[in-house]
Amino acid sequence: MEVRARAPGKIIVAGEHAVVHGSAAVAASIDLYTYVSLRFPTPADNDETLSLQLKDVSLEFSWPIARIKEAFPNLENPIPPSSCSLETLKLIASLVDEQNIPEANIGLAAGVTAFLWLFTSIHGCKPAKAVVNSELPLGSGLGSSAAFCVALSAAILALSDSVTMDFSHQGWQVFGENELELVNKWAFEGEKIIHGKPSGIDNTVSTYGNMIKFKSGDLTRLKTNMPLKMLITNTKVGRNTKALVASVSERTLRHPTAMASVFTAVDSISNEVAAIIQSPVSDDLAITEKEEKLAELMEMNQGLLQCMGVSHASIETILRTTLKYKLSTKLTGAGGGGCVLTLLPTLLAGTVVDKVIADLETCGFQCLLAGIGGNGVEFSYSGIPDIGANGGNLS
């Protein structure tokens with residue numbers, strides 16, 4: 001029995017940084033995914049190890065089940081979604097240290113730790129093999145760590161007694177609301193291991209898909225009524241999110257009245273974006289009008305992000321390049337590098353898109369085309385035994 005799960009990345013459509021200061025923001029899923037396949041060995045395999053293969057970086061880690069049992073002598077499973085205690089974190093850290101992760105990939109250690117915590121919490125000390133690959137660039141603000149945690153949680157839960165699934169279904173299928181809530185809770189615990197104090201926005205978008213509006217800790221799921229396509233340009237410039245957030249706060253202390261106006265304007269933009277994407281679409285003309293409004297709102301939001309001081313020379317280069325083609329562009333996420341969004345109108349010729357991409361790639365940037373606001377996490381089974389079409393719990 002093998003299960004495969006895929007979870008989408010995310011973009012911030014409007015409201016980044018200002019959301020920290022009480023404004024609304026809108027995030028959306030993108031149809032670029034992280035995939036996790038998980039299988040339990042058969043008795044014939046004679047395999048008593050737990051392993052994790054990260055295909056994109058050609059690394060594989062494995063632990064004898066006897067070593068896992070030694071590290072967790074009092075392990076009770078399955079447990080409800082809960083935070084990893086400091087004591088357990090230290091035990092897992094010793095298991096990760098034994099793998100001698102190369103210095104160039106040491107940033108992956110937190111993800112490996114999250115895998116061990118999620119798997120052992122749900123399945124205990126069972127042998128299994130997980131394989132991960134992703135279409136999302138790491139550390140670029142597209143929610144790669146959340147997609148990893150969501151896909152991992154989904155695959156682990158789909159082979160557990162915690163959920164009831166239809167094994168006869170062919171192709172990708174979606175979880176029910178209760179299962180999605182469970183996936184999201186576990187993914188959030190994984191994100192805590194990786195990021196310390198995540199907002200929960202990234203894993204929620206990756207789990208449920210579509211779009212969400214969030215403000216002062218409240219998340220509202222939105223249903224988009226129009227297809228949206230974006231060109232996502234990765235500057236390949238690393239950025240320090242904490243430092244950028246701190247710099248906006250410092251600017252706010254120096255110019256409280258001016259920055260309050262900036263945040264109020266961003267709040268209005270986010271609310272208008274949410275209203276536009278949820279309003280009904282009657283025909284192509286209505287779609288074009290909506291796209292024109294969204295384009296203007298993106299431009300305004302970018303101008304306000306420049307007011308906050310979070311742009312970067314690489315971002316400005318992308319803005320100038322796309323402006324030549326009369327396309328609207330804004331940074332997404334922390335800024336200071338990272339990724340940049342360009343709205344691609346429905347009626348835009350493919351030849352124009354090709355030219356824009358060629359120009360940007362000439363500058364050394366990476367370009368990704370993505371549909372916005374699609375499905376959240378999905379899963380599929382393979383190697384299914386003949387157990388009838390009614391589904392049921394896995395033992």
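In which hand, left or right, does helix 3 pass helix 5? I looked it up in the model, which is predicted. The crossing of helix 3 over helix 5 is right-handed.

**Entry: helix 3 and helix 5**

I took the axes next. Helix 3 spans residues 109–123, and its axis comes within 8 Å of that of helix 5. The two axes cross at roughly 145°. I then listed the residues that meet. From helix 3 I noted Ala110, Gly111, Thr113, Ala114, Trp117, Leu118, Ser121 and Ile122. Helix 5 answers with Trp186, Glu189, Gly190, Ile193 and Ile194. Sorted by class, this contact has eight nonpolar, four polar and one charged residues.

**Entry: helix 5 and helix 6**

I stayed with helix 5, residues 177–195, and turned to helix 6, residues 201–208. Their axes come within 9 Å and cross at roughly 145°. Here too I recorded a right-handed crossing of helix 5 past helix 6. On the helix 5 side I found Glu177, Leu180, Glu181, Val183, Asn184, Ala187, Phe188 and Glu191 in the contact. On the helix 6 side I found Asp202, Asn203, Thr204, Thr207 and Tyr208. The class count for this contact is five nonpolar, four polar and four charged residues.

**Entry: the whole chain**

I stepped back for the overall figures. I count eleven helices and twelve strands in the protein. Along the principal axes, the C-alpha atoms fill a box of roughly 60 × 45 × 40 Å. Does the radius of gyration agree with a compact globule, or disagree? For 395 residues such a globule would have a value near 21 Å; the protein has 22 Å, so the two agree. I have 52% of the 395 residues down as buried. Of the contacts with a separation of 6 or more, 78% join residues 24 or more positions apart.

**Entry: confidence**

How far do I trust the coordinates? The average pLDDT is 90, and 95% of the residues score at least 70. Residues 385–395 are another matter, with pLDDT below 50. That stretch still has 21 contacts in the model beyond near neighbours in sequence. Where pLDDT is low, the predicted coordinates should not be read in detail.

**Entry: positive phi**

Most residues other than glycine have a negative phi. Ser58 has a positive phi, near 50°. I placed Ser58 in the loop between strand 3 (49–54) and strand 4 (59–64). Is Ser58 buried or exposed? Ser58 has a relative accessible area of 66%; the cut-off for exposed is over 50%, so Ser58 is exposed.

Lys326 is another non-glycine residue with a positive phi, about 60°. I found Lys326 in the loop between helix 10 (313–323) and strand 9 (329–332). Its relative accessibility is 74%, so Lys326 counts as exposed.

**Entry: Ser314**

I moved to helix 10 itself, where Ser314 lies. What does Ser314 touch, leaving aside neighbours within four places in sequence? I wrote down Thr235, Val237, Gly337 and Phe365. Ser314 has a relative accessible area of 9%; buried means under 20%, so Ser314 is buried.

**Entry: helix 1**

Helix 1 covers residues 65–71, and I looked at Lys69 in it. Lys69 has a relative accessible area of 49%, so I log it as partly exposed. From Lys69 to Lys126 is 57 residues in sequence and 9.5 Å in space, C-alpha to C-alpha.

Arg67 is found in helix 1 as well. Leaving aside neighbours within four places in sequence, I have Arg67 in contact with Ser94, Leu95 and Glu98. Arg67 and Leu50 are 17 residues apart in sequence, and their C-alpha atoms are 9.8 Å apart.

**Entry: Pro102**

My last stop was the loop between helix 2 (86–97) and helix 3, the place of Pro102.

How values were computed: Residues numbered from 1 in each chain as written. Predicted model: local features only at pLDDT ≥ 70, side-chain atom pairs only at ≥ 80, totals over all residues. Heavy atoms only, no water. pLDDT = per-residue confidence, 0-100. Contact = heavy atoms within 4.5 Å. Axes fitted to C-alpha atoms, helices over the stretch in contact; angles between N-to-C directions. Helix = DSSP H or I, 4+ residues; strand = E, 2+ residues; numbered from the N terminus. Left-handed = near helix turned anticlockwise from the far one by under 90°. Nonpolar A, V, L, I, M, F, W, Y, C, P; charged D, E, K, R; others polar. Buried < 20%, exposed > 50% of the residue type's maximum accessible area, 1.4 Å probe, protein only. Rg over C-alpha atoms; globule rule 2.2 N^0.38 Å.
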